[in-house]
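Please consult the sequence and the model while reading.

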Amino acid sequence: MSRFRRRSATGLIAFLLIPASAVIPTASQPAAAADGPQYERVLNGTFDDGSKSPWWSSGNTPTTVDAGRLCAEIPGGTVNVWDSMIGQDDVPVESGQPYTLRFDASASRPSSFRAVVQTASTPRATVINQGIEVTTTPQTFVFTETSPTTSEHTQVTFQAGGGAEPYTLCLDNISFIGGVVPPGGVRDFGSPVRVNQLGYLPSGPKRATYVTDETTPQPWRLLAANGSVATSGRTSPFGADAMSGTKVQLIDFGTYRGTGDGYRLAVGDQLSEPFAIGNHIYRSLRQDALAYFYHNRSGIPIEPAYAGPERARAAGHLGVAPNQGDTSVPCFPGTCTYSLDVRGGWYDAGDHGKYVVNGALAAWQLLDLYEQSGDQALRIPEAGNEIPDVLDEAKWELDFLLRMQSPSGMVHHKIHDEKWTGLPLKPADDPQPRYLYPPSTAATLNVAAVGARCARVYARWDKALAARCLTAADKAWKAALANPAVYAPPGGEGGGAYEDAKVTDEFSWAAAELFATTGKQSYKKAITTQLKAADGFSWQETGGLADLALARIAWRLPLLERWRLTQRISKVADQYVADLRSQGYANPYLPADGKYVWGSNSAVANNSMIMATAYNLTHNGKYRGAALESLDYLLGRNAINQSYVTGYGERDSHNQHHRFWANALDPALPTPAPGSLAGGPNSGLQDPVAQRKLQGCAPATCYVDDIGSYSTNEVAVNWNSALAWLTAFADTKR
């Protein structure tokens, strides 16, 4: 996984079988084999490496890999055949094409089950549905049928429920071959002229990238909406861009000072996507990036007056059936004897978990946004209560974080479902039991840090909350000192692990925030980390936040310390500016190992925040310019011509991995809200969709806008908080 996002299991797509009595169980005549290559559509069908991923099973059907076979313990006493299943999601099929399902099967006793290939969402279409009689001797089964539909979200399942007695079912050599489109298809990145598809500030940098094998300067034209030439020039050859695997040239039209909508850049007959030039181009995005948090609140109805009728929904996890949380949540069995009311907060990402280390960073970033850029009017229920709207939104998470503190002062690491739930699923329909997972030193120090910042920021607006925050921060700090090495373990089920076995950085960040709020020298002496370009900052690497905390109260430091702080932050920002200039797509994120991580777009935005902070300290325009160019990357000037922000740009991400924003699976559900930032390219390809579609991808192209690709296309609160911070900076520093 990555230090930017930890996810330990696949999100299963919810399945509802059409009863067998409604399906003709006999196979039709085998379809003729397709000419040309025969493409394998399932992953890991042989289990030779001992792994069972990405195969999943029902919660009552544990599986293991035994002697190169996937063996499932089928329970007895179930009613329906689909009550016990093994399956794989996101298998593509094409209408009118023949597909052959082949597998070996045996069982601990003679038994029967069904092999089903069927779309996962309504209206459901069945490719194969065959009854299987199996014995203790392995047998090979082969079925060929023609697909009646085209879908990228088909399931291959083996359904073994409905029997009176338990038994063991073993499968091997599972293959599903067919179709004429190769895995991943033929990727179309559109125009080779790559621009910020939202637009440019008149006073900011205005650059674009042109993908070409040409080595000499090429003429370019800036076209106004009516097609007239607004200005022109010649490209600057750049050469090979290592992260994208392409050769590029650069276009600089920064001297043009006109404004308007519908501009395009042209090189020869190649036209860019349209964009605007104006002083207020980031105003709407700034608001939408913050609105993301209301949409993802837990424990409150999301009302049409604020979210629009399409994205309105019932409150999730308020103890109303079928929910089993979050008003009185017990600890994970064997870890404590009490329950806590942990309602509220923000759902972390595409799932319904709530995680302290991620949520605290997001809340901290909103508080820092307010200190940096001021308030932003939001459509939320609290609007008009005389407290800044940004602080009202942050309070929703802060209240949750304070509820996660145990009587001892330590803070529970997370709360989430017992098992992974499927897609799609509205929060109010989640039936899973919920547990508090054990406290950790990292989570405790996160609450100490954000609690201290809360106490300072809310002192003017909500004295009661400020006092609660400072009390909780002090209690957390003391608890962490008494328990300095309580680590969140890796792995787990039903939610992300967010493991962290190094907490010196959290101690330093918390100390810096407590010093910034209280001025106590004892906290200042506990600051042991500094911002480093190699680390930046993330939920797992928080040492650099100590310097960013001090930057907010630089006036409290002696002159020499203030100068040194400015030098440290500027040195890191200089490295990010250099990284941006060394790439053909102006990205301040340049991984040393050449591999993009999970949530790479958050690294882009966080590195940009550091450059913007350097600008605030020095007023050196190169830092502002680089921060603004980083938005170019996020909004379309990148290797795949993709705006990673929903609703902004002609080629925007709009199928992110999310249980409620699941229109890709259920047309009755909404698409992601405008302003939602996708995770972005990830060389790890840790989900089946990415593994099928992106094998061999250059690092900067390892992304697909598919709801099943949780490793490249999820959303997360700490990614959107970074986008919100950066767009607020762009809107106020125009």
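Of the 734 residues in the chain, 61% count as buried, where buried means under 20% relative accessible area, exposed over 50%, and partly exposed in between (1.4 Å probe, protein chains only). This is a predicted model, in which local features need pLDDT of at least 70 and side-chain atom pairs count only at pLDDT 80 or more, while totals for chains, interfaces and linings use all residues. Residues are numbered from 1 along each chain as its sequence is written, and side-chain values use heavy atoms, with hydrogens and water left out.

The chain contains 15 helices and 27 strands; these are DSSP runs numbered from the N terminus (helices: H or I, at least four residues; strands: E, at least two). Its C-alpha atoms fill a box of roughly 80 × 70 × 45 Å along the principal axes.

The search of the whole structure finds 4 disulfides, a disulfide being a pair of cysteine sulfur atoms within 2.5 Å. One of them joins C71 to C170, with an S to S distance of 2.1 Å. This pair links distant parts of the chain, since C71 lies in strand β4 (residues 69-74) and C170 in strand β11 (residues 167-178), 99 residues apart. The torsion about their S-S bond is about 110°, so the disulfide is right-handed. C71 is buried at 5% relative accessibility, and C170 is buried at 8%.

Another disulfide joins C331 to C336. Here C331 is buried at 6% relative accessibility, whereas C336 is partly exposed at 23%. C697 and C702 also form a disulfide, and both cysteines are buried.
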